[in-house]
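Subject: Structure handover

Hello,

Here is the structure we spoke about, with the sequence alongside. My notes on what turned up in it follow below.

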Amino acid sequence: MLRQLLPALLTALPAFSASAADWQQRSIYQLVTDRFATTNGSYPSCDTEDRVYCGGTWQGVIRQLDYIQNMGFDAIWISPIVANLEGSTGDGESYHGYWTVDQNSLNSHFGNESDLLELSSQLHSRGMYLMLDVVVNHMAADTLPPDYVLFAPFNAESDFHTFCWITNYNNQTNVEQCWLGDDNVPLADCDTESDYVIDFFYKWIGDLVANYSADGLRIDTVKHVRSDFWPGFAEAAGVFTIGEVLDGDVDYVSTYTEVLDAVLDYPTYYQLFYAFESTSGSLSNLVSWVQQSQSTYKNGEFMTGSFLENQDNPRFQSVQTDQALVSNAISWPFIQDGIPILYYGQEQGYTGSNDPYNREALWLSGYVEDKPLVKLVRTLNAARKAAIAASSDYLSTVLTFPSVTSSTLAVYKQPMLALLTNGGSSSTPSWSVSSTDYSNGEELINVLTCDTLTAGSNGAVSVTGSEGMPQILLPTSVFNVTYCNELLSTY
Ligand SMILES: *[C@@H]1O[C@H](CO)[C@@H](O)[C@H](O)[C@H]1NC(C)=O
Ligand SMILES: *[C@@H]1O[C@H](CO)[C@@H](O)[C@H](O)[C@H]1NC(C)=O
Ligand SMILES: *[C@@H]1O[C@H](CO)[C@@H](O)[C@H](O)[C@H]1NC(C)=O
Ligand SMILES: *[C@@H]1O[C@H](CO)[C@@H](O)[C@H](O)[C@H]1NC(C)=O
Ligand SMILES: *[C@@H]1O[C@H](CO)[C@@H](O)[C@H](O)[C@H]1NC(C)=O
């Protein structure tokens, strides 16, 4: 009996089986490979405005894995790895990796096959995951019409949708079948209705995952491909998939939660940004978007990637540098239902605005770890890990909001109570939560300062803060004072 069942079971398991549930416990550091670290540790100049390769490599990432792991991250998301358009275009060089010309070759600016394999194995020996970024919607050209023979493997016009620019985002056919890009770099839209194109991509993604032992995939421009292309693609990949659906509308994004494991949580991202970018931002809008997502997405908010910054949007500190507001905003991805994603450089206080300014070289920061935001991130990762370890239900408990005022917000998921405010550094916030699951007299700690307090009857928590800073509370039985002080003092 067992002998008969075994082969069937084995073939049902993907070769590399980091599942959605495995990823849910993780926290992801997103880096732009060209801008993160160099092979020999040199610090070449890098003017973002030039939009040229600055010299970051996969070997550079290996060199700086301690820096990432010391902050408590256990997964990284790197730039797309395949060969891109070479040379300069009217929009600069393809240092970001999103302008594919050859799906079967690696981008030699970042290293070679053995470098990437080494990165993958070094991550795995540290117990960390590798997330690859893939683009299947389009290939990039520097002429219109493209010189199709330069593409691999799709080297014929017939492998692409007939040229038209996307002009109407309310017309889904237009969004899926017309082209992104501009006259400098038109993005030829792959004909993902063609059997040849579909068969190639489904085989390709399985091979890509297997070749580099990837643990997960971030998928670019998901809304620009028909949604029923994705289940087969995700199945062929056999690992966790998280899709970029760049839209602030919960109902629109929700449809893609049915076809991939996860989505990047753009709707919440916008509300998070608005809520903390000024002292008049709306915390109740943030709450209402989250609650709408919790009830609409296939897996609620659990299978979302939560972020404050990424390579396509202005950094938070390009609009707001009050460190109290910054600290509150940075805390959010680590206290909500989904998977935290931190975009490299945020921890170093980078302030770049829109692309290309938000892709600064991290080596220019010196990778200094004794910095307030680096420590904040390390503590936030540690607090989330402690909450997960303390409660087997933590990852399946839906976040609630026991108190919302115009400038304060209490975010609760046993055993963590996070108290946020957008009052800014000149404010003295106070929060009052009348009931929680803490017991009467239970000792709690604010992990950001290591100060302790005591819960009242019904687990009530009343606390006055200072200088507009957030407070992240856990029982001292889960996160003790010694550990807290250690996190704040060592680097
Ligand atoms: C590091 O590598 C760069 C680029 O390959 C090279 O220009 C530089 O001289 C090297 N620096 C050192 C200290 O080896
Ligand atoms: C790949 O690049 C490394 C340097 O990063 C070099 O030592 C190695 O020989 C290269 N391997 C191949 C197969 O070209
Ligand atoms: C939607 O876009 C497609 C592709 O551009 C076009 O053929 C079609 O006419 C558009 N539909 C409407 C209703 O505008
Ligand atoms: C995977 O590796 C095989 C064998 O080296 C190679 O032929 C194939 O092109 C690779 N595929 C991808 C997507 O990396
Ligand atoms: C404090 O927490 C740390 C980290 O969880 C743990 O290793 C240590 O044993 C704890 N100490 C006490 C006294 O509970």
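R26 lies over the face of Y129, 3.6 Å from the ring centre. K413 is placed likewise over the face of Y394, at 5.0 Å from the ring centre. Please keep in mind that this is a predicted model, and that what follows is computed from it.

Domains

The chain is split into domain 1, residues 2–391, and domain 2, residues 402–489. To their contact, domain 1 brings 33 residues and domain 2 brings 32 residues. The C-alpha centres of domain 1 and domain 2 are 32 Å apart. The size of an interface is often given as the accessible area lost when the parts come together. For domain 1 and domain 2 the buried area is about 2300 Å², and carbon and sulfur atoms account for 71% of that. One salt bridge is found across the interface of domain 1 and domain 2. K413, the residue over the ring of Y394, also forms a salt bridge with D337, with 2.6 Å between the closest N and O atoms.

Salt bridges

Side chains of opposite charge can pair when their charged atoms come close. The count for this model is 15 salt bridges. Among them is D34 with R35, where the closest N and O atoms are 2.8 Å apart. D34 counts as buried because its relative accessibility is 1%, which is under the 20% limit. R35 counts as buried too, at 0% relative accessibility.

E244 and R218 form another, with the closest N and O atoms 3.7 Å apart. This pair links distant parts of the chain: E244 is in the loop between strand 10 (240–243) and helix 10 (250–254), R218 is in strand 9 (residues 216–219), and they are 26 residues apart. E244 and R218 are both buried. A network of salt bridges links E244 and R218 with D133 and D220.

E360 and R315 are also bridged, their closest N and O atoms being 2.8 Å apart. E360 lies in the loop between strand 13 (339–343) and helix 14 (372–390), and R315 in the loop between strand 12 (304–307) and helix 13 (323–335), so the bridge ties together parts that are 45 residues apart in sequence. E360 is buried at 13% relative accessibility, and R315 is buried with a relative accessible area of 0%.

Aromatic pairs

The search of the whole structure gives 38 aromatic pairs. One of these is F154 with F200, an edge-to-face pair with 5.2 Å from centre to centre and 80 degrees between the planes. The two residues are 46 residues apart, F154 in the loop between strand 6 (138–140) and helix 7 (172–177) and F200 in helix 8 (residues 195–212), so the pair links distant parts of the chain. F154 and F200 are both buried.

T192

T192 is found in the loop between strand 8 (186–189) and helix 8. T192 is buried, with a relative accessible area of 2%. Leaving aside neighbours within four places in sequence, T192 is in contact with V136, H161, V197, I198, V225, R226 and F229.

Regards

Key: Residues are numbered from 1 along each chain as its sequence is written. Chains are lettered from A and ligands numbered from 1 in the order in which they are written. This is a predicted model: local features need pLDDT of at least 70, side-chain atom pairs count only at pLDDT 80 or more; totals for chains, interfaces and linings use all residues. Side-chain values use heavy atoms; hydrogens and water are left out. Rings of Phe, Tyr and Trp (its six-membered ring) pair if their centres lie within 6.5 Å; planes under 30 degrees apart count as stacked, over 60 as edge-to-face and the rest as tilted. Helices (H or I, at least four residues) and strands (E, at least two) are DSSP runs, numbered from the N terminus. Buried means under 20% relative accessible area, exposed over 50%, partly exposed in between (1.4 Å probe, protein chains only). A charge sits over a ring if NZ of Lys or CZ of Arg is within 6 Å of the ring centre and within 35 degrees of the ring normal. Domain bounds come from an automatic or database domain assignment. Contact means heavy atoms within 4.5 Å. Buried area is the accessible area (1.4 Å probe) that two parts lose on being put together, summed over both. A salt bridge is a side-chain nitrogen of Lys or Arg within 4 Å of a carboxyl oxygen of Asp or Glu.
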